[in-house]
Amino acid sequence: MKCLVINLDRSPDRLAHVTAEFARIGAAFERVAAIDARERPDLAEMQRHAMRESPLRLADAEIACLLSHKQCWSIIAAGEDAYGAIFEDDVVFCDKAGELLADTGWIPADADVVKLETFFKRTVVARKQIACGHGFFASRLYGVHIGAAGYILSREAARNLLEATDETGIPVDHLVFNPNVSTSSSKVIYQLVPALCLQAQFLGDRQVRLPSLLKQQRAKELAASGMGRKSPKPVAARVRIEIWRLARKTADLLRLRRRKIIPFEYRGRRVRPPHTQHRENAL
């Protein structure tokens, strides 16, 4: 199984970081040159003609990110391997990641996608777990769990995603990991527990300083759309939300599902969810 890493030509620091991470876990990777929004003035025109599934306009960097992932999908779709793994260059791995990346026998037979990372947002997974070895388990993923820093695609899923995204107006992580979007809801998606990787921004480690390159642009688009502003909800609305929360919890129990934050361990310690992290990548 190939491990593909997306990296901008102008980000040698990130390439050095991800090279060290792969060396640490004893795995090899193939670099895929990322599409650079700075060199693609045509991205704004692509956005204008894109199919809209959200009122939020994608930043040029987000369109470039999607195109970069599509390059990886093309490599997997055209390859001979049944699966391929895709990573972004700010990824950090748990200590046992190399064992799983060295083999594909642990991947559930019906899997179209396996999400390897955690975004420290509560999501919905099946209570049933499939043992993957080395202390990892795979559970069907049913809830929104954004982030595209690390995931595995089957060859057929890669081909399907390429065909389904000739025109799109939503971020790549929602295309793959938001069940409210058709490209995601049509796939059998598993979540690896605990997570194999996460973005370096969640570590809170001074030695690893790789802030998200998309965060500022996405925040600007949220502000421009007005979606980032919060207003106090009336009492009736809060009551409806609570009723919906309880109904959703009951439905999850009946369908043998549970809501949880996917854990992650790095260099022998459990990484705690950042309490100050505001929701990003929201549609």
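Against which elements do the buried residues of helix 5 pack? Before selecting them, note that this is a predicted model, in which local features need pLDDT of at least 70 and side-chain atom pairs count only at pLDDT 80 or more, while totals for chains, interfaces and linings use all residues. Residues are numbered from 1 along each chain as its sequence is written, and side-chain values use heavy atoms, with hydrogens and water left out.

Now select helix 5, residues 155–164, where Ala157, Ala158 and Leu161 are buried; buried means under 20% relative accessible area, exposed means over 50%, and partly exposed lies in between, with a 1.4 Å probe and protein chains only. These residues lie on the same side of helix 5, because they cover an arc of only 100° around the axis, the arc being that of the directions from the helix axis to the C-beta atoms. The buried residues of helix 5 pack against helix 3, strand 9 (150–154), helix 6 (172–177) and helix 7 (182–185). Helices (H or I, at least four residues) and strands (E, at least two) are DSSP runs, numbered from the N terminus, and contact means heavy atoms within 4.5 Å.

Helix 3 is mostly covered, with 14 of its 19 residues buried.

From here, look into the largest nonpolar core, which has 70 residues and in which Trp73, Phe87 and Leu153 have the most contacts. Such a core is a set of buried Ala, Val, Leu, Ile, Met, Phe, Trp, Tyr and Cys residues joined through side-chain atoms within 4.5 Å. A second, separate core of six residues includes Leu43, Leu58, Ile63 and Ala64. If you select Phe87 and leave aside residues up to four places away in sequence, the residues that it touches include Cys3, Phe22, Leu116 and Cys197.

The next stop is strand 10, residues 189–193, where five of its five residues are buried. In a regular strand the side chains alternate between the two faces of the sheet. Here Ile189, Gln191 and Val193 point one way, whereas Tyr190 and Leu192 point the other way. Strand 5 (residues 113–115) pairs with strand 10 in the parallel sense over three bridges, and Val114 stands opposite Tyr190; two strands pair if DSSP finds at least two bridges between them. Strand 8 (residues 136–140) runs antiparallel to strand 10 and is joined to it by four bridges, with Phe137 having Val193 as its bridge partner.

Stay in strand 8 and select Arg140, which counts as partly exposed because its relative accessibility is 24%. Leaving aside neighbours within four places in sequence, Arg140 is in contact with Val124, Val125, Ala126, Val188, Ile189 and Tyr190.

Finish at Asp36, in the loop between strand 2 (30–33) and helix 2 (43–48). Asp36 is buried, with a relative accessible area of 10%, and, not counting residues up to four places away in sequence, Asp36 touches Leu8 and Arg10.
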